[in-house]
Amino acid sequence: MAKFSDIKGFVFDLDGVITDTSVFHSQAWHQVADKVGAPWSKELEDGLKGISRMDSLEMILKAGNVSDKYTDDEKVDLATEKNTNYLKLVDQMTPDNILPGIKEFLDDLKSNGYLISLASASKNAPKVLSKLQLADYFPEIVDPKSLSKGKPDPEIYLKGAELINLNPEQCIGVEDAAAGVESINAANETSIGIGDPQVLSAADVKFNDTSEMTLANIKNQMD
Ligand code: G6P
Ligand code: MG
């Protein structure tokens, strides 16, 4: 693991880290799972975190053993329906949906001169950030359309570091998903996992929830 003093920037996941939208994604996917007759479980719910829209749909169809039952066009329709339902939930969001301590943490990063970028697989990330009134903190956002592979591949976290002109070793990546932690580790960045420590066992630094994530607590677990 890198030394805390080497760290110059933070690359953030969005859903489940900055805001509670992972619950909205789950709610909308659960509806799709019911529609196609796939069983919903905690494992499936956790496994979908950080996974792109179409890959998430494929995972749900696979869980229901119905991958071959839908044409490509029907799959696009199912994913579009999910996104429409998800966006209805996003539309009601306000800055109250920022997870505990995140605003303070971002302010602390800025005042200490750390660089910040966003590595979310979500095509809705700019919209969510603007609902939260946090867009100004994230001038650098990896465009998920530019990726050839999603999480757990390292590409998205490597791009997150590149956008702020840092080497991966100078960056900390922050995630709530096992696939995301894997992506950060494969990119050679230091990983913070927020949530169930068993699901996120591969993370270098672990917190149960966002309110515990402070520079002092990170330094403590690294040095
Ligand atoms: C994030 C979320 C996933 C979501 C993915 C794509 O990684 O954790 O749950 O499926 O983004 O999001 P989108 O908003 O583009 O469908
Ligand atoms: Mg996430």
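This is a predicted model: local features need pLDDT of at least 70, side-chain atom pairs count only at pLDDT 80 or more; totals for chains, interfaces and linings use all residues.

Start by colouring the protein chain by its two parts: domain 1 (4–20 + 95–222) and domain 2 (22–91), with bounds from an automatic or database domain assignment. Their contact (heavy atoms within 4.5 Å) takes 17 residues from domain 1 and 15 residues from domain 2.

Residues are numbered from 1 along each chain as its sequence is written, chains are lettered from A and ligands numbered from 1 in the order in which they are written, and side-chain values use heavy atoms, with hydrogens and water left out.

Next, select ligand 1. Both domains give residues to its shell, so ligand 1 lies between them. Show the residues around it (a heavy atom within 4 Å): Asp15, His25, Leu48, Gly50, Ile51, Arg53, Ser56, Ala121, Ser122, Lys123 and Asn124.

Now zoom in on the polar contacts (N or O atoms within 3.5 Å). A polar side-chain atom of Ser122 sits 2.6 Å from a ligand 1 oxygen. For Lys123, pick a polar backbone atom, 2.7 Å from an oxygen of ligand 1. Asn124 brings a polar side-chain atom to 2.7 Å from a ligand oxygen.

Methods. A polar contact is a pair of N or O atoms within 3.5 Å; within protein, one must be able to donate a hydrogen and the other to accept it, and residues adjacent in sequence count only if both atoms are side-chain atoms.
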